[in-house]
Structures are given as C-alpha cells and as structure tokens.
Amino acid sequence: MLPTATATKAAGKRGVLQICKDRRYWLLPVAGVIMLGLLSLSGFWECVTSEEGKCEARAVPAAFDAPKWLNASCPLVYQRIRTEEMQRGEARPYLMGERQRPACVNCDRDELWSHFCQFKSHGPKCPPHDQDLLFNTLLDRAKVGAPGSRELLELTPCDLFPYIRGRTLWLVGDSMMQEFMRAVQCFMYEFWDLETKQLDTLVADKEATEGLIGGWCVLLPEDSRICHVRSNMGDWLVTNLLPRFARLGALPSDIMVLNFAVWINKAGELASNVMMWAEYYERFKASLPFVIWRDASIQHFDTPTGDYKCDGCVDAKPREDETGFNCKAMDSVTLNAANELETTDPAMQVIVDGGWRNKLTLPVMKELGIPIVHTWNLSVPLWQYHHSFQEKDDCTHWCHPSGYQVWIAQMYQTLRKYRESIPPPGNWPPQSPGL
Ligand SMILES: *[C@@H]1O[C@H](CO)[C@@H](O)[C@H](O)[C@H]1NC(C)=O
Ligand SMILES: *[C@@H]1O[C@H](CO)[C@@H](O)[C@H](O)[C@H]1NC(C)=O
C-alpha cells in the first residue's frame, strides 16, 4: 500500500487533477482535501502497472474492514482482466480457463491438468459451443448489472489465495464437491506442480485413512493446500470422517466447505442426516475447521421439478440408447437481474424457494450460525451444461466450465463476507527468523 502523497499523485493520473487545473486556482487544494477524505474513507489507491508500463491508479478496499491476518500479497502475478476487454472479445475470464497474464508457466505444459484446466481436453470439459454460450450468458448478466457478475468475470486466483494462505481449504462432500474440487484446483493451477497427492500418502497415521472413500490434495505455496475428502452422506461424515479429521491433518484454523444432500432422496432421511450433523457440530465445533455450507445443487432431469427422485416425484427415465438422460430447462422459472428467481407457475414455487433439500437444510445451518455459499439461484438457468460426466449426460453433474465455476465466485463472495469470523491461519502472525 502506498503512502497518501504518492497515492494522490497516482490518483492524479486518472485525470482528476487535470480537470482541476483547468478550473480556478483554488479548486486544487479543495479537491485535494476532498480526495484525501474520500481515500481515508474508502481505502487507498494502488498503482497497477498496465501492459504498456503505465501506472494506473486503482482503488483497493479499505484496510480497516479486513482482518489483520488477511495478507493481500500473492505469490504469483495475475493481471486483472476487465469486463470491457471481455466484451470486446479480447479475453475470457480466468474462471473460464484464460491463461495467466502477463505470463504463465503451467499453461504451456503438455500434460493432463494443463489441458483440462484450460478446458481443452482430458476430462469432462464443455464443448466449445457451450463455452461460448456460457461466456455470452455471463456477459449478459454483467450487462444487466446482476450482483456479483462483474466480480465473477474479473475474479483472479490471487483474490482467492489470501484465504487459503497458510492453511488447508477442505472441500468435503459427494461427487458434486469432487467436481467442485477439480474446478477450484484448476482455477489455481498455476500455483501447484500439477500433481495431485492422494490424501493417504500425505498422512502418517494410516489408521485414520481406513475406510476413507477417497480424497486428494494439491499443495500451494506458503504452506497452503486445497484438499477434497469424499463423503456422500451426513451420517458417514459424523461417524467416520470427522472423528478422524484431526488425524488427517485438519486444524481449527483451516476452512471446510461442506455439503451433503443430493444422494438423499427422502425428506425424512435428509432431516435425520442434518440433525446428526447439527448435534456433532454443536459439540465439536471448537476442534473443527471454520465451516461453510454449500447449498444443495439443482437437478435438471426431465421431470416436473427436475429432480431425479424425491418423495412423491416421478422418477427420471434414461434415454433408450444408453447415452444418459435428457435434461430440461426450468422454462417457467426466471432468474431476474437481482439474482432472484420468479415464476407464475405454483408447481414451481418449490424451485423459487431453493428446492426441497435447501428448504429443509438451510434453516438448520442458519440456526447453527454457519455461513452459506448460495449456488442454487445462479444454477437454475444452467441446464444445458450437464454433459459428458463419465461419458453420459446425467442432469446432476456438469461439464467444465459451467456451474462449478459460478460456485467458485460465490464461494469467494462468502469468504469475503465472513472474513471477520474466519480464524487466522495456523502460522499467523508469521514468526521472524531468529526470535
Ligand atoms: C504477506 O505475505 C508475504 C509472503 O509470505 C510476506 O512476505 C509479507 O511479509 C506478508 N505481509 C504481512 C503484512 O504479513
Ligand atoms: C434466490 O431467489 C429467491 C426467490 O426470488 C430470493 O428470495 C433469494 O434471496 C435469492 N437468493 C440469493 C442468494 O440471491
């Protein structure tokens, strides 16, 4: 952060002082005082060197509303790509696989993650026409001023890194969370060596890994990691995984993004899974990582409410040629410019309300004081992207980039919103050597 004298000079390059100069002489100090007042209220200006080497002044958020541990420095340089540049067709968002600017390393490696994370090959990537469609949809959302849409387009991995620095970000849940892990590790793919480490190879306590359904980590700089642990149901979570979580290396200073829901098709069963979790959380939250709940994801099966199965629903039927299912749009539900859902069809009110699973689970999470990553509303329109998961269309999982990448932006917003509540990373404050 720059001292204010330099900051004012930098701000001057935006043309503010130029305008003042053309005015009467006295306007200059007055404008200066107003500027200083605004700066101290809204944060500081930083000088960001543009591609042509010019210094562009840019507002950075006020320091006083960020916790002390939140260190905005980043081990890599990611130039922010502006929405306007994307509108001109000159770039895509980093979330959609755009290469790191001004320079990248892993992007040019000829191997699996490099290809997949640019959504070119080696996994359930969306076909190019779907990627174009998604990109245009996201630009349209930004055009109508939908909250968070510009932030999504312009998000860089360096925005996310300060929340992961010095700790583990655990992504725990079913196959949707597993795909989300792939999305997050891809977003951060310039930060690691492109080798995923199976969790059991990282843990000395082999007993702790017994019965683990699966899990892996990617190792980021500065003692930071992103790890996924597979856990399909709430009961398995609290009886098997969480009692051994500390032995797997989880610390109270870590962050855990958690969900279970889509495996469960009966309301009573979901309720009992949620109650088991709630009781466990109340008793043991002090020893658990900081927990964030991701809401249940939407399904787009060809049934009245898109559900694959539920109490009193018609079960979805696969296509006869074994290529999977036909997915369908939620035609009578629209996402408005305020990110709210609307419908005129009373049968679809349950979708507007967040789906039956979220209606049941979210009030409990709120009661427990657990922050929520809201993905439901923004996922409702994304029905075309349920492709190629294990070579079949299944109307629950998506190809990349689509829903999961939208979730990353939502997760970032949640981390940012609740940063005052997030504990400092384990090694904070950093020890100076020799002390
Ligand atoms: C932020 O992190 C960097 C990299 O670890 C470190 O060099 C720097 O001292 C940190 N800044 C603060 C204010 O802790
Ligand atoms: C989702 O849509 C519902 C219904 O319009 C609205 O009440 C809710 O606030 C929206 N949620 C988010 C996170 O925007």
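A residue is called buried here if 20 or more other C-beta atoms, placed from the backbone, lie within 10 Å of its own. By that criterion, 38% of the 435 residues of the chain are buried.

The structure is a predicted model, in which local features need pLDDT of at least 70, side-chain atom pairs count only at pLDDT 80 or more, and totals for chains, interfaces and linings use all residues. Residues are numbered from 1 along each chain as its sequence is written, while chains are lettered from A and ligands numbered from 1 in the order in which they are written.

Let me turn to the fold. The chain has 16 helices and 11 strands, taken as DSSP runs (helices H or I, at least four residues; strands E, at least two). Two residues are in contact if their C-beta atoms lie within 7 Å. Of the contacts between residues at least 6 apart in sequence, 69% join residues at least 24 apart.

Next, confidence. The mean pLDDT, the predictor's confidence in each residue from 0 to 100, is 88 for the chain, and 84% of residues reach 70 or more. Over residues 1-33 the pLDDT stays under 50, and the model has 32 contacts beyond four places in sequence for them. Residues 36-47 also have pLDDT below 50, with 31 contacts beyond near neighbours in sequence.

Finally, the ligands. Which residues surround ligand 1? They are N71, S73, E222 and P430, each with its C-beta atom, placed from the backbone, within 6 Å of the ligand. Ligand 2 is surrounded by N339, E340, L341, V352, H374 and N377.

Notes
Buried ≥ 20, exposed ≤ 12 C-beta atoms within 10 Å, placed from the backbone.
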